[in-house]
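Visitor: Could you go through this structure with me, beginning with the spaces inside it?

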Amino acid sequence: MAILHVFVTGRDRRHLSELRNKFRVVVVGARETDDGIVVDAYIPAERVDWLRNKGYGVEIVEEVETPGRERQAEGRTAVETRLKRGRYGDVIWGGGYLTVDEVEAAIVLGEKNHPKVLQRIPLPNLTWEKRRCHAFRIGTGDGKTRPAVCFLAGLHGREWGGPDILIYLGMRLLRAYRDGKSIRLGHEVFTPAQVRTIVETLDIVVFPQVNPDGRHFSMERSAMWRKNRRPAAKGRGSKSIGVDINRNFPFLWRFDRHFAPNAVGSSFKPSDYESYVGPRAASEPETRNVIWLLDRFPNIQYLVDLHSYGETILHSWGSDENQSDDPLMNFQNKRYDGLRGRIHDQVYREYLPADDAERAARMGKRMSDAIRRVRGREYKVKPSVGLYPTAGAWDDYAYSRHLVDRRKGKIIAHTFEWGRSRASTPFHPPYDEMREVMREVTAGLLELCASVAKEIDEAKPA
């Protein structure tokens, strides 16, 4: 069955929202153009005429390529050679995407080569396929007292490049610190002094591969697989495997109660290919590993999660539009249950203090500027809500923690949607293009680190 990547237009915003919420189309993004909103989607070829008959405009971008195992095997061989030699440099990184095992092996290698500044951290919950995940911390401190930033990737199986980006970031930073050299990423440069300040001022906590089961299945069997690999309940069959990790966090998880009808594209049906939320909030080991990591490092001030695609940097909220005037209009207030998620209706908007809104937008702009300096790509900065409000998403959960429990620290959360919408196979572009993405996103993440480290350094008493 041929799967097509298409751009879809509709009569208005509500008509477009029906793509996901009513017709269960696989929608992966949206953007505003001079002619209105354009939705990125994946559909079987036979549904093109069906959608047009429903009043939608459909532009076919390409037939989705499912990378063959021969090409994947070639990539694995090249990466295995690099791992054995311990060679992670900007020039010789090539050959293809890291496999699930190679991501883990790279962390082991990093700890072996840089034991004084890299700590490998085992996560407590085994995945459904019994994999043990690891995060790592870069820094010269004890991991308890310094301000920290945290980077995640790989929540969705089909988004292959996120783990590669974070391994690449770690290796470039570690090598530059060890050798006392700068990091050059296209036209963006981080000096030896900046590198030293980052490593000696911050804790950088990295969880590069949150959902290894889903990523492995995507790379080996089904390139478009998004969820984890939670087994189907007895008698339900293979179509009911998996949970969307990014709809499983304990933030407005009961979307049927908290949101207006059909306001979000989540589903309680295990057979939903994209957005099954799981049997309960934080039911999945992958979700609980992220929560454990945030609890383990209460000093985290900023958190960035890498997704694809669309060249955007998102920040809170994703549940509804922001407002800074009415503190009582917030996600904990049951009075507003059943009203959330209707964009532009002015009935409900999520409270976000003006200082936090400005802080998130300012840091997003700094990261976007750093990305542009690499090779000229423009990443737009905006709230996460976009076209489709979300329930149970990691970024809203991360920011909301300090509001639910005052003992927890405030985390400013950003989501990177890396990669071009019009790229060939945008979830896993050809690796020559992926290398360019790795450089530009690394520049954005290092800019966040450098900005936070500089603020801390300048705040020290003279």
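Guide: By class, the second largest cavity is lined by 3 nonpolar, 4 polar and 2 charged residues, where nonpolar means Ala, Val, Leu, Ile, Met, Phe, Trp, Tyr, Cys and Pro, charged means Asp, Glu, Lys and Arg, and polar means the others, Gly among them. Please keep in mind that this is a predicted model, in which local features need pLDDT of at least 70 and side-chain atom pairs count only at pLDDT 80 or more, while totals for chains, interfaces and linings use all residues. Residues are numbered from 1 along each chain as its sequence is written, and side-chain values use heavy atoms, with hydrogens and water left out.

Visitor: OK, which residues line the second largest cavity?

Guide: The lining consists of R20, R247, V264, G265, S266, S275, Y388, P389 and T390, and the volume of this second largest cavity is about 40 Å³. A cavity here is a set of points, on a 1 Å grid over the protein atoms alone, where a 1.4 Å probe fits but cannot get out, and lining residues have an atom within 4 Å of a point. Grid points are joined across faces, edges and corners, and the volume is the space filled by probe spheres set on them.

Visitor: And how many cavities of 30 Å³ or more does the whole structure have?

Guide: The search finds 2. The largest cavity has a volume of about 40 Å³, and the residues lining it are S316, L352, D356, A360, Y399, I412 and A413. Helix α10 (354-375) and strand β16 (412-418) are the elements that give two or more residues to that lining; helices (H or I, at least four residues) and strands (E, at least two) are DSSP runs, numbered from the N terminus.

Visitor: What kind of peptide bond joins S316 and W317?

Guide: The bond is cis, with omega about 0°, and W317 lies in the loop between β12 and β13 (322-323). The peptide bond from S308 to Y309 is cis too, with omega near 15°, and Y309 is in the loop between β11 (300-308) and β12 (312-315).

Visitor: Switching to the core, which residues touch the most other members of the largest one?

Guide: Those are F151, I204 and L306, in a core of 99 residues, to which helix α12 (residues 431-459) gives the largest share, 13 residues. A nonpolar core is a set of buried Ala, Val, Leu, Ile, Met, Phe, Trp, Tyr and Cys residues joined through side-chain atoms within 4.5 Å, and buried means under 20% relative accessible area, with exposed over 50% and partly exposed in between (1.4 Å probe, protein chains only). A second, separate core of 17 residues includes V8, I37, V39 and V58.

Visitor: What is I204 in contact with?

Guide: Leaving aside neighbours within four places in sequence, I204 is in contact (heavy atoms within 4.5 Å) with F136, R137, I138, V149, F151, L173, I198 and C449.

Visitor: Is helix α5 mostly covered or mostly open?

Guide: It is mostly covered, since 15 of the 19 residues of α5 are buried. After α5 comes G180, whose phi is positive, near 65°.

Note on methods:
On a 1 Å grid over the protein atoms alone, a cavity is a set of points where a 1.4 Å probe fits but cannot get out, and a pocket is an open set with protein on both sides within 12 Å along at least five of seven lines; lining residues have an atom within 4 Å of a point.
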